[in-house]
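Here are my notes for someone opening this entry for the opening tour. Have the sequence and the model side by side as you read.

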Amino acid sequence: MTRESMPFDVVIVGAGPAGLSAAIKLAQLNQEAGREQSICVVEKAAEVGAHTLAGAVIEPRALNELLPDWQEKGAPLKSSVQKDSLVYLTKSKAIKLPTPPQMHNDGNYVASLGLLTRWLGEQAEALGVDIFPGFAAAEMLFDEKGRAMGIATGETGIAKDGSQGPNYDPGMELHAKVTILAEGCRGSLTRQMMDKFSLRDGKQPQSYALGIKEIWEVSDEQHSEGEVLHSIGWPLDSKTYGGGFAYHMDKNQIAVGFAVGLDYTNPHLSPFEEFQRFKTHPAVAKQLEGGKRVSYGARAISEGGFQSIPHLHFDGGLLIGDAAGFLNTP
């Protein structure tokens, strides 16, 4: 079976904050210039925001620049940071530390990044952007000169033995003048482009962590909307990079999580088990007492910082967001 194709001016892979922000900015520039361009965003999750798992404390500076009227448009940023603390944990104590300047959260918000991403998707669609959730970009496409010219979605209906089943679909080709990869941390197409176009030449290696997060619903007594806690120390030893967090969102919910650098040397260490130990610390357990866990997830984190950012463009496209290593670790 031959694949059908659809032409676009710009195809963006990944409907996360970076991909949707790029789509919105492009649509705004088109409106200002009085030109028409077709912009398409493909997203592997069944719906926009479903795979967005960060904490999160959100610094609104970029949102202010992109959509200055975001409050009037109902962005789901309701809980401004009211209390901000960094602690060093021992097994039984929490020792308050001075908060580094880059971790001061005055003017920031505690919110669900998944809900914010869903809202960004609505803003993009209102500007005429086509968003296709439920379609994973499985393959980069190239023209006869080796220039990127879009992506192909994954084939479906493959039988267990690898043969084409009765519902086989070869996927669809989305052709584009420019392909923007915003597929998150260590995406498969991004890695392919890094190898093909030598995007890591002269750059420091990227480093990674694993972040695990749970959402808890707690009572009024346990809840303190806008409170932010970050921790270092226990249960990790002094040779292992990582730490925990607890963010009090609205609706009596707390986002609690733990991240561990994936350069840990102890082969028996389990980031998930360390997270479970973290929740037993008195400073954390008292916040969750009597509550119930309502959702959970995990994600890889690019945290090499500025020196690990690769070359950002290649013939026919570019990298943005976590695909480019743009994570603001603090």
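Which residues does H248 touch, not counting residues up to four places away in sequence? Point 2 has the list, after a word on the model.

1. **Ground rules.** This is a predicted model, where local features need pLDDT of at least 70 and side-chain atom pairs count only at pLDDT 80 or more, while totals for chains, interfaces and linings use all residues. Residues are numbered from 1 along each chain as its sequence is written, and side-chain values use heavy atoms, with hydrogens and water left out.

2. **H248 and its contacts.** Leaving aside residues up to four places away in sequence, H248 touches V110, Q222, H223, S224, E225, G226, E227, Q253, I254 and Q287 (contact means heavy atoms within 4.5 Å). With Q287 there is also a side-chain polar contact of 2.6 Å. A polar contact here is a pair of N or O atoms within 3.5 Å; within protein, one must be able to donate a hydrogen and the other to accept it, and residues adjacent in sequence count only if both atoms are side-chain atoms.

3. **Where H248 sits.** Look for H248 in strand β16, residues 242-248. Helices (H or I, at least four residues) and strands (E, at least two) are DSSP runs, numbered from the N terminus. H248 has a relative accessible area of 1%, so it is buried; the cut-offs are under 20% for buried, over 50% for exposed and partly exposed in between, with a 1.4 Å probe and protein chains only. For a sense of distance, H248 and E273 are 25 residues apart in sequence and 23 Å apart in space, C-alpha to C-alpha.

4. **Aromatic pairs.** Rings of Phe, Tyr and Trp (its six-membered ring) pair if their centres lie within 6.5 Å; planes under 30 degrees apart are stacked, over 60 edge-to-face and the rest tilted. The count by this rule is five aromatic pairs. One of them is F197 with F314: the centres are 5.4 Å apart and the planes at 20°, so this pair is stacked. F197 lies in the loop between α4 (188-196) and β14 (208-217), and F314 in strand β19 (residues 313-314), so the pair ties together parts 117 residues apart in sequence. F197 is partly exposed at 24% relative accessibility, whereas F314 is buried at 7%.

5. **A tilted pair.** F258 and F278 have ring centres 5.2 Å apart and planes at 40°, so they count as tilted. F258 belongs to strand β17 (residues 253-261) and F278 to helix α5 (residues 271-278), so this pair links parts 20 residues apart in sequence. F258 is buried, with a relative accessible area of 1%, and F278 is buried at 0%.

6. **Charges over rings.** Which ring does the charged end of K196 sit over? That of F197, 5.7 Å from its centre. The charged end of K279 sits over the ring of F275, 5.0 Å from its centre. The rule asks for NZ of Lys or CZ of Arg within 6 Å of the ring centre and within 35 degrees of the ring normal.

7. **Strand β13 and its partners.** Two strands pair if DSSP finds at least two bridges between them. Strand β1 (residues 4-13) runs parallel to β13 (residues 172-181), with nine bridges, and V11 stands opposite T179 in β13. Strand β10 (residues 148-153) pairs with β13 in the antiparallel sense over three bridges, where G150 has H175 as its bridge partner. Strand β20 (residues 317-319) is parallel to β13 and joined by three bridges; here T179 partners G317.

8. **A three-strand sheet.** An open sheet has the order β3-β7-β4, with antiparallel pairing. β3 (57-58) and β4 (79-80) stand at the edges with a single partner strand each, so one side of each has no neighbour in the sheet. β4 is joined to β7 (residues 109-110) by two bridges, and S80 stands opposite Y109.

9. **L127.** This residue lies in the loop between α3 (113-126) and β8 (130-133), and is partly exposed at 25% relative accessible area. L127 touches I24, A27, Q28 and Q31, not counting residues up to four places away in sequence. L127 and I24 are 103 residues apart in sequence and 7.1 Å apart in space, C-alpha to C-alpha.
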